[in-house]
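Here's a quick briefing to read alongside the sequence and the model. Have both open as you go through the points.

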Amino acid sequence: MKSRMPKNGGITDPSGLAAVHTVRLPLWPYLVTPTGSVGLAVATGLAHWRWGDQPTTVGAAAAGLTLAGTALTSLTWRAAAARGIVRRAVATTTCVAGSVWAIGATIAGPWSSPWSDMWLIGAPTASIAMAVVRVLRNGDGDDPATAGGGLADAVKSLRNASVARPTIKGAKATAGVTLEAGTSVRELANDRAALASALDVPETAVRVIPDPDSARRGRVEVVPVDQLRAMVPWPGLSAPGRSIAEPIVLGVMEDGEPLTLWLPGDHTAGRNAAHFLIVGMSGAGKTEVILNIAAEVISRTDAELWLADPRKFDQLPTWAIQGATRTAGTEDDTNELLEDLYTDITGRARQIGAHGHKQWTKGCRQCPRYRVAIIDEASQVAAGNPLVTELTEAARSAGISLVFGLQRASHDRFPTSARANIPGSICLGVDKDVDASMALSEATLDAGAMPWAWKNTKPGCLYAEVPGTDTTRWSMPCRSYVADEDHRADAVAPYLGGQPTTGPESARPAPRPRPEPTMTDDDSDHDDEPNQALNPNDPPDDVDPAEPIRIPPGMPRIPLGLREPAMGTDEARQVMEQFIIDLHDAGHDVVRPGDFGAVIAETGRGHEWVRAELRRLSNGPDAILRKTDRGVWKIRIPQPA
């Protein structure tokens with residue numbers, strides 16, 4: 001017999017149809033009770049024909065049937081101990097009723113009243129009751145592969161353990177386990193493959209969760225049917241128009257609970273601000289997770305997004321680029337973005353601490369906007385870059401969360417010291433178990449996390465280590481939402497200042513300018529004052545907006561382009577060196593590539609030429625610059641004797 005049952009709590013797929021599982025149920029267990037009832041009626045009829053006319057014989061037969069019924073009832077009660085109280089009670093009651101009826105029907109005949117009436121009522125009732133108990137599978141004992149005696153027996157067959165009565169919640173069976181003294185739960189976790197084989201379920205369906213207060217106690221969780229088999233459509237933004245302190249909902253967990261994460265810290269909840277590492281092989285769904293986070297940040301009123309992708313920036317949707325306060329699409333631009341992030345830390349930390357806050361606080365008008373910097377394809381710029389490590393050490397206290405996306409977090413692709421400073425991790429499908437060990441903690445892997453079993457065959461499936469959540473749930477598989485791009489663009493559009501263009505004809509927009517300098521406490525006192533440059537009594541000009549703007553004759557023009565043709569090399573070098581000397585005379589002791597905009601405009605030279613000149617001026621006995629580890633150059637003009 002086959003039964004089609006909904007999964008994932010009725011979540012529908014993108015086509016609008018409810019996802020279903022096909023579950024094969026054997027037919028013979030449902031025929032045991034009705035077949036036994038018919039057989040008992042036939043047997044009592046034959047017994048009455050054999051002994052009913054002889055008082056001495058029928059008395060002895062009744063005594064024997066009583067003893068047999070008592071023994072059979074005791075056996076049923078004992079055998080049903082592992083099956084839960086409901087199935088135990090139903091089975092024992094059925095056995096008692098059948099024994100009493102058999103004694104009376106043997107003496108009087110099963111066709112006589114009231115025994116025939118009792119059989120006509122009792123046999124169907126008992127058959128339906130047993131069928132209902134089996135179909136509902138209410139957790140008091142089920143198929144050996146999912147709960148009840150099967151789970152307990154499977155654990156006991158591997159380890160000499162004491163197993164509590166299994167319980168079922170949704171599609172998950174759970175049983176508490178206590179191992180014998182001298183044996184740890186970690187040893188049972190190493191037997192997950194054998195345990196899965198004993199239960200006839202996939203290895204990824206078994207998890208062993210240790211008890212934090214005992215080395216030999218824990219619990220075993222089994223989910224025999226994959227609840228994350230189908231993609232989960234994106235339901236929309238989690239908290240549009242609200243604070244970034246509200247949780248971000250990225251998807252669903254295996255037990256149907258939402259997968260939530262927090263970026264800012266919360267002192268009352270005992271949670272610090274978090275950085276996140278998002279790891280997954282090509283095709284595992286990493287970009288979808290990053291775009292969902294980006295959309296959430298754009299929609300929050302007190303947050304700003306810095307977005308960098310030095311490898312495939314041109315493939316990002318337009319709404320993401322338009323919604324970001326700062327973007328970087330090349331390796332040089334990304335390095336410059338990281339430098340600016342580091343430079344801003346001191347000012348932001350001073351601004352947050354000036355009024356007594358140790359970290360960014362929701363609702364504080366004196367705190368800067370919370371900054372979320374997403375650097376996808378981070379291995380392009382992070383390998384061997386000490387600035388990444390310094391950012392992970394200091395950015396959280398300044399109201400900055402970093403999100404790094406990469407395919408493999410090995411030491412040659414991402415600094416090990418930086419990885420140690422990132423408390424949050426999202427690991428999608430990876431190629432090997434060693435790749436997972438670079439993104440997930442040892443405890444999560446020991447409990448049963450196996451992202452290498454998915455590879456890229458189940459995009460969006462992931463394990464999430466989210467600071468501030470129950471660590472025992474980190475080993476539970478999750479699946480991220482998958483958004484229709486037009487749907488997501490429409491949802492984010494109100495927070496871009498206009499409808500984004502998502503068509504293929506859209507040109508790549510220019511990167512946004514750097515944000516304004518961080519507001520100081522003195523500036524915050526004038527936030528609510530009207531702009532003195534505006535005269536509210538001045539009526540608007542009588543100008544037709546459809547007419548083009550005409551420049552009055554004689555008005556000076558401001559040159560915005562580069563000098564053409566470009567200045568000669570020697571002359572351009574003199575301009576650049578003089579610019580550095582002027583900066584030093586003005587009290588500046590460091591310089592970065594982004595400071596040479598005026599030199600580029602005056603000389604007509606490009607950004608790459610500036611970087612080459614910076615390297616030249618940093619070498620040799622007459623060097624006037626010294627390259628630091630943070631991507632900036634220190635000015636060292638020799639003082640005259």
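Take the contacts between residues at least 6 apart in sequence: in this predicted model, 66% of them join residues at least 24 apart.

**Burial and surface**
- The protein chain runs to 641 residues, and 44% of them count as buried.
- Its accessible surface comes to about 33,000 Å², with 55% of that belonging to carbon and sulfur atoms.

**A look at helix 7**
- Which residues of helix 7 are buried? Helix 7 spans residues 192-199, and its buried residues are R192, L195, A196 and L199.
- Look down the axis of helix 7 and those buried residues fall within an arc of 100°, so they line one face of the helix.
- The general rule behind this sort of pattern is that an α-helix has 3.6 residues a turn, so residues three or four places apart point the same way.
- Just after helix 7 comes D200, which takes a positive phi of about 60°.

**Confidence**
- Mean pLDDT for the protein chain is 78, and 77% of the residues reach 70 or more.

Key. Residues are numbered from 1 along each chain as its sequence is written. This is a predicted model: local features need pLDDT of at least 70, side-chain atom pairs count only at pLDDT 80 or more; totals for chains, interfaces and linings use all residues. Side-chain values use heavy atoms; hydrogens and water are left out. Buried means under 20% relative accessible area, exposed over 50%, partly exposed in between (1.4 Å probe, protein chains only). Contact means heavy atoms within 4.5 Å. Accessible areas come from the Shrake-Rupley method with a 1.4 Å probe; for residues, only the protein chains shown count as cover. Helices (H or I, at least four residues) and strands (E, at least two) are DSSP runs, numbered from the N terminus. The arc is that of the directions from the helix axis to the C-beta atoms. pLDDT is the predictor's confidence in each residue, from 0 to 100.
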